[in-house]
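Here's a walk through one protein chain, from its overall build down to single residue pairs. Keep the picture open and follow along.

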Amino acid sequence: METLLADKEIYKPELEAVRQAVERISKVVVNTPLSDSFTYSKRFDSRVMLKREDLQQVRSYKIRGAFNKISSLPEEQLRKGVICASAGNHAQGVAFACNKLQAKGVIYMPGTTPRQKVEQTRMFGGEWVEVVLKGDTFDDSYKNAMKHGEKFGLVFIHPFDDEKVIEGQATIALEILEQADEPIDYVFAPLGGGGLLAGISSVFKQLSPNTKIIGVEPEGAASMTSSLEKGKVVELEEIERFVDGAAVQKVGSRNFAICRENLDKMVTVPEGKICQTILDLYNQDAIVVEPAGAMAICALDLFAEEIKGKNVVCMVSGSNNDITRTAEIKERALLYSGLKHYFIVSFPQRAGALREFVAKVLGPNDDITHFEYSKKHHRANGPAVVGIELSDPADFQPLVERMKKKNFYGEYLNDKPNLFQFLI
């Protein structure tokens, strides 16, 4: 555990430093749109605007902080080179900056990073960047990168706990305030290590103090929520890694100090809801986002009454989503919506048992999507793992009742994580 910094040591981004960052990054950063969302404005009876940082050249806001930091280094340090650790988006920002500034960079990424993000990092960095896959989490990569940097004298480019990085991310807030034609009542933004929210909240508190700033993080990696509850930065022992752009075990000390003071509320959202939002954005608005990019929008449901008639901004932070994850995203969304269920079904070992299950147990709109069964001749019944997709969550209880009435019911697996993890 790490104790809170003393008040006199708390760093707060100055507006002049943020404005200097705007100038520094202006040649490589896109002034991304602040777009009205017809879908979410109608759903929540408010004006919901999306800040489309997914439209940056590296497809996330991370280019802002990375380029601001690296381009501010003295020439002597640039010649030595830089090093970073990242789950993907910061890596791409650092790679792009290294290529643009012709500075050598070493980038550590977890071995679990989606292939798409690894390949994009190599593409943006070109000959100027070496990618090293090490560890299972960001924190694993971070520790290895720090050792490497100390050994070879490389400047470490932190993905979130760095003053120049925070100031770079803060430039988004200046853009939003320039683009908005009405006062903004709420800003929802995702939080991983806290660099983005530390930056934008600092600008809003100075230039638009009545705007409420809401931080959003995944339920399975609620490091800021845990730290705020304990009153100091804490390191989570285990995290859910699905939201790779926001799955960190420990937030930055600078970021914690700023967010503790500036955030109006910190909330968490389930990974399944994030997946459903990803699918909704694609199907309804043709917007492709990564899990972290959907988090801010997920939180709107929690504030449905508060935001009625209000002007709301949601940060769409990135779109680096690997298409190979689509099946998992759909599966998690169905599970969250109560439309996908797994059972151990006890089949009588006689001819016609499966036919009876399909004809007399399944409802007219139920669909078997998973089936694993091996016949055991020495037993009266044989277990099968069966996945069933429903068209309506209300069909679940009648299905279970029919299974029990016909003596097919064995065990429900959705609420048994130790078994369920092997199915998705």
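## Before we start

Two strands count as paired if DSSP finds at least two bridges between them. Keep in mind, too, that this is a predicted model.

## An antiparallel trio

With that in hand, look at strand 13, residues 381–389.

In general, strands of a sheet pair through backbone hydrogen bonds, either parallel or antiparallel.

Four strands make an open sheet, and reading across, the order is 5-4-3-6, with parallel pairing. Which strands stand at the edges? They're strand 5 (129–133) and strand 6 (155–156), and each has a single partner strand, so one side of each is left without a neighbour in the sheet.

Further in, strand 3 (residues 82–85) and strand 4 (residues 105–109) pair over four bridges in the parallel sense. If you find Ala85, its bridge partner in strand 4 is Tyr108.

## A helix tucked away

Is helix 13 (residues 291–298) enclosed or open? "Buried" here means under 20% relative accessible area. Eight of its eight residues are buried, so helix 13 is largely enclosed by the rest of the structure. Among those buried residues are Pro291, Gly293, Met295, Ile297 and Cys298.

## Zooming out

Step back and you'll count 17 helices and 14 strands in the chain. The radius of gyration is 24 Å, close to the 22 Å that the globule rule gives for 424 residues, so the chain is as compact as a globular protein of that length. Its C-alpha atoms fill a box of roughly 80 × 55 × 40 Å along the principal axes.

Buried residues account for 57% of the 424 in the chain. Take the contacts between residues at least 6 apart in sequence: 76% of them join residues at least 24 apart.

The chain's accessible surface comes to about 19000 Å², and carbon and sulfur atoms own 47% of that. As for charge, there are 53 positive and 58 negative side chains, and the centres of these two sets lie 4 Å apart.

Conventions: Residues numbered from 1 in each chain as written. Predicted model: local features only at pLDDT ≥ 70, side-chain atom pairs only at ≥ 80, totals over all residues. Heavy atoms only, no water. Helix = DSSP H or I, 4+ residues; strand = E, 2+ residues; numbered from the N terminus. Rg over C-alpha atoms; globule rule 2.2 N^0.38 Å. Buried < 20%, exposed > 50% of the residue type's maximum accessible area, 1.4 Å probe, protein only. Contact = heavy atoms within 4.5 Å. Areas by Shrake-Rupley, 256 points an atom, 1.4 Å probe, with all protein chains shown as cover. Lys, Arg positive; Asp, Glu negative; His and termini not counted. Charge placed at Lys NZ, Arg CZ, Asp CG, Glu CD.
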